[in-house]
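I am opening a notebook on a structure that is new to me. I will write down what I look up, entry by entry.

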Amino acid sequence: MVTAVRHLGPNWYASVMGTAIVATAGAALPVHLPGLRTICAAVWLLSLVLLLTLLCARALHWRHHCDQARTHLLDPAMAPFYGCLAMALLAVGGGALTVGRYWIGTTAAVALDAVLFTAGTAVGLAAAITVPYLMAVRQKADPRQATPVWLLPLVAPMVSAALGPLLVPHLPAGQPRETLLLACFAMFGLSLLATLAMLPLVFARIVTGGPLPLTPTLFLVLGPLGQSTTAVGKFADVAPGVVAAPYSQGFAVLAVLYGVPVMGFALLWLGLATAHVVRARRHGMRFAMTWWAFTFPVGTCVTGAEALARHTGLVAYDWLATGLFVALAAAWVIAALHTARGVVSGALLAGPRPAPVAPLPVRVRTTSGAVR
């Protein structure tokens, strides 16, 4: 077991995020299917088990393979995935209140979400500061290396902003509720502005540098778009009675005036990313853990469309949420099956293959005595 976790990176938390978002997004669908709530609760329970398993495995990784863990932290391609730890904690915690409470009870769900939300927010804020700092000071990242992976630590506070409002009704009325709501709004602004600063680098790299080697990571851009739309919808849901009347109405206006155009850009990016993935697949792209990028970011667009459906009353957003959820469920099944197969075979836990060694040049002597 100790040897098996040597190459277990923080990117594995993406499987927890992708599993939890299936449960959360499915629970709010406008379609009422028999057994859907039970299925969503079971998927959430699976995400909780995955989270606990990975936390234990990563603890072993840090204890017995500290050298490899430090290498990950100083690698500009791997360090941003530390934001996935925060988002995994937050996603499972949020799922406890949306679907898990039907199995474990509201009291236990609130307690679990409070713990995971606090831990996830702390880790997310630390990652949002530490990872860009290391990229600037220690890793010396090159703009030509920019990928959507760089967005991961910046998106983590946005996940806190979107899931924090779930806890607002469970706090004492007055200052505690308003403080948490406005703290979530502050994290919304923190993550949004940081993303807007980083996204031009990513877009310029894609347009001028050609297709990305890890094409599925293009879907990561959907994360801040869908999650921010979800967040403003959640603010509008809980604001009445928590903040003064003009501001509560302002949150309702923001949910529509911000959410509609951002969701439009998300659909544009979804089409662009899908085209790149189809091209890469035709050129022989095989499964890797980056395929989990097809799950959580798409799931945030599902919850964002659900929020817009609530606040606009448009059936079009109900259909959009349902269509995106079908794609999300299909992507999750594919990623989960390939991951399970890779874990059983040991292929996903194996170290990177060494580069082939070029043969040494052969020196021969000709009949004339010359050496070639």
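I count two residues as in contact when they have heavy atoms within 4.5 Å of each other. The model is a predicted one, in which local features need pLDDT of at least 70 and side-chain atom pairs count only at pLDDT 80 or more, while totals for chains, interfaces and linings use all residues. Residues are numbered from 1 along each chain as its sequence is written, and side-chain values use heavy atoms, with hydrogens and water left out.

**Entry: T195**

I looked up T195 and found it in helix α7, residues 175-209. For helices I take DSSP runs of H or I with at least four residues, and for strands runs of E with at least two, numbered from the N terminus. Is T195 buried or exposed? Its relative accessible area is 6%, so T195 is buried. The cut-offs I use are under 20% relative accessible area for buried, over 50% for exposed, and partly exposed in between, with a 1.4 Å probe and protein chains only. Not counting residues up to four places away in sequence, T195 touches L151, L154 and P224.

**Entry: G174**

I then went to G174, which lies in the loop between α6 (152-163) and α7. G174 counts as partly exposed, at 41% relative accessibility. I also checked its distance to P76: the two C-alpha atoms are separated by 43 Å, and the residues are 98 apart along the chain.

**Entry: L163**

I found L163 in helix α6. Its relative accessible area of 14% makes L163 buried. Which residues does L163 contact, leaving aside neighbours within four places in sequence? I noted L90, A91, G94 and F117.

**Entry: L89**

L89 lies in helix α4. At 7% relative accessibility, I count L89 as buried. Leaving aside neighbours within four places, I listed L51, L55, L116, A119, G120 and V123 as its contacts. I looked up A57 as well: its C-alpha atom is 15 Å from that of L89, and the two are 32 residues apart along the chain.

**Entry: the buried side of α3**

Which residues of helix α3 (residues 66-73) are buried? I found Q68, A69 and H72. These residues cover an arc of only 100 degrees around the axis, which puts them on the same side of α3. The arc is that of the directions from the helix axis to the C-beta atoms.

**Entry: a nonpolar patch**

On the surface I found a nonpolar patch formed by L45, V49, Y102, W103 and I104, with about 440 Å² of accessible area together. Patches are made of residues with over 30% relative accessible area and no salt bridge; like charges are joined within 9 Å, and nonpolar side chains (Val, Leu, Ile, Met, Phe, Trp, Tyr) within 5 Å. The areas come from the Shrake-Rupley method with a 1.4 Å probe, and for residues only the protein chains shown count as cover. α2 and α4 are the elements that give two or more residues to the patch. Of the elements, α4 gives the most, with three residues. I looked at Y102, which lies in α4 and counts as partly exposed at 36% relative accessibility.

**Entry: salt bridge**

How many salt bridges does the structure hold? I found one, taking a salt bridge as a side-chain nitrogen of Lys or Arg within 4 Å of a carboxyl oxygen of Asp or Glu. D237 forms it with R310, and the closest N and O atoms are 2.7 Å apart. D237 lies in helix α8 (residues 222-238) and R310 in helix α10 (residues 296-312), so the pair ties together parts that are 73 residues apart in sequence. D237 is partly exposed, with a relative accessible area of 35%, and R310 is partly exposed at 43%.

**Entry: cysteines**

I found zero disulfides, a disulfide being a pair of cysteine sulfur atoms within 2.5 Å. C40 is buried, with a relative accessible area of 4%. C56 is in no disulfide either, and its nearest cysteine sulfur, that of C66, is 18 Å away. I noted C56 as exposed, with a relative accessible area of 52%.
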